[in-house]
Amino acid sequence: MMKDLTAPIVRELLKKSQHIAIIAHVRPDGDAIGSVMGLYHFLKKKGTKVSPILPSIYPAFLGFIPESEDILIPERDENQESEEALATADLIFVLDFNDPNRVDSLKDILKKSTATKVMLDHHLQPVDCWDYGVSDPTASSAAELVYNFIELLGEEQEINEAIATALYAGICSDTGRFKFNVNGRLHRIVGHLIEAGADAEYINGQIFDSMTEARLRFVGFCLSERMTVYPEYKTALMYLSSKDFRKFEHQPGDTEGLVNYPLSLGNVRFVALLKEGKDRIKISFRSKGDFSVNAFSRENFSGGGHFNAAGGSHIGTLEEAKQKILSLLPKYEEELVAEF
Ligand code: 5GP
Ligand code: MN
């Protein structure tokens with residue numbers, strides 16, 4: 001059973017550890033990198049050796065986060081530094097995921113490690129394999145949970161520009177620019193982050209208004225050529241083949257946020273975006289209202305996530321995955337078309 005974090009426990013854990021690793025999920029988004037780097041900058045100030053790790057490369061537009069070039073990532077390591085750091089750390093912080101399989105090639109090292117593992121996460125249904133932690137699906141982001149962690153220690157005054165920038169980036173990414181899971185407390189936290197040095201206009205500009213022309217045209221292509229709306233199920237389906245990715249010289253992060261566009265349609269409340277990968281079809285699900293894409297993904301695509309934002313995958317062809325989703329729609333029709 002995962003134990004709750006208290007200030008004395010955290011102080012004791014930090015005091016006795018020599019090397020802390022911090023890791024988030026594969027295909028990191030703004031919250032994954034923001035929460036990792038926020039906690040990294042906070043812990044580094046204490047003088048302990050800290051290694052920030054990501055299982056795969058982050059989108060280039062998140063490279064503005066201070067010292068992101070120091071993050072250990074297997075695909076850009078020359079000497080397996082990420083594996084080494086994760087294997088030798090005596091305290092590991094697990095941020096923005098709750099299932100050890102979400103770290104891709106690093107999962108065996110993470111599972112085998114005898115380090116104390118502390119999870120700070122906001123996804124549903126955590127796997128019970130962590131020593132300590134917080135599982136709060138009502139939290140906007142893992143970055144908010146890192147802020148709470150700092151607050152638990154009574155050290156909010158330690159929040160400097162680097163910490164504030166990283167945490168702000170995490171919060172504005174996961175709330176879709178302060179649209180989802182926001183409340184008064186979150187806005188007060190954000191207020192403090194701005195006072196502590198986060199430049200809101202700059203960060204929003206970097207994350208949301210720094211597209212390349214190729215990426216924006218790719219979005220246009222996806223919406224005009226690859227989206228089908230099924231009004232009878234209030235559903236939209238989008239798909240991208242490996243050929244599409246090659247044609248548009250796709251870069252990591254180019255499809256970030258794409259799945260949200262069809263949700264802006266008044267008659268759509270469920271969206272699936274299917275992406276053909278090397279060994280599987282990766283699927284992103286989004287919904288608005290009370291249709292749980294976490295449940296839909298868990299039940300049918302070995303995935304999970306949040307109530308209104310989840311992911312999963314299908315081993316097989318793109319066409320099969322599309323047909324599978326279409327054939328499932330009648331089963332969920334009642335939930336999908338119910339009045340808000
Ligand atoms: P995205 O569609 O943006 O990749 O992911 C949406 C949300 O679902 C994110 O919070 C992400 O961490 C989570 N998620 C994505 N793919 C998976 C998956 O395969 N399994 C689980 N458990 N969660 C996922
Ligand atoms: Mn998150």
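**Stop one: the cores**

Start with the largest nonpolar core, which has 55 residues; select Ile22, Leu39, Leu43, Phe93, Phe149 and Leu193, the ones with the most contacts inside it. A nonpolar core here is a set of buried Ala, Val, Leu, Ile, Met, Phe, Trp, Tyr and Cys residues joined through side-chain atoms within 4.5 Å, with buried meaning under 20% relative accessible area (1.4 Å probe, protein chains only).

Before going on: this is a predicted model, where local features need pLDDT of at least 70, side-chain atom pairs count only at pLDDT 80 or more, and totals for chains, interfaces and linings use all residues. Residues are numbered from 1 along each chain as its sequence is written, chains are lettered from A and ligands numbered from 1 in the order in which they are written, and side-chain values use heavy atoms, leaving out hydrogens and water.

Now click Phe149. Beyond its neighbours within four places in sequence, it is in contact (heavy atoms within 4.5 Å) with Leu5, Val10, Leu39, Phe42, Phe93 and Leu120. A second, separate core has 20 residues, including Ala272, Ile281, Val293 and Leu318.

**Stop two: the domains**

Colour 3-208 as domain 1 and 213-337 as domain 2; these bounds come from an automatic or database domain assignment. Their C-alpha centres lie 27 Å apart. Ten residues from each domain take part in the contact.

How much area is buried between domain 1 and domain 2? About 890 Å², with 56% from carbon and sulfur atoms; that is accessible area (1.4 Å probe) lost on putting the two parts together, summed over both. On the domain 1 side, select Phe61, Leu124 and Gln125: they lose the most area to domain 2, together 44% of what that side buries.

Key:
Buried < 20%, exposed > 50% of the residue type's maximum accessible area, 1.4 Å probe, protein only.
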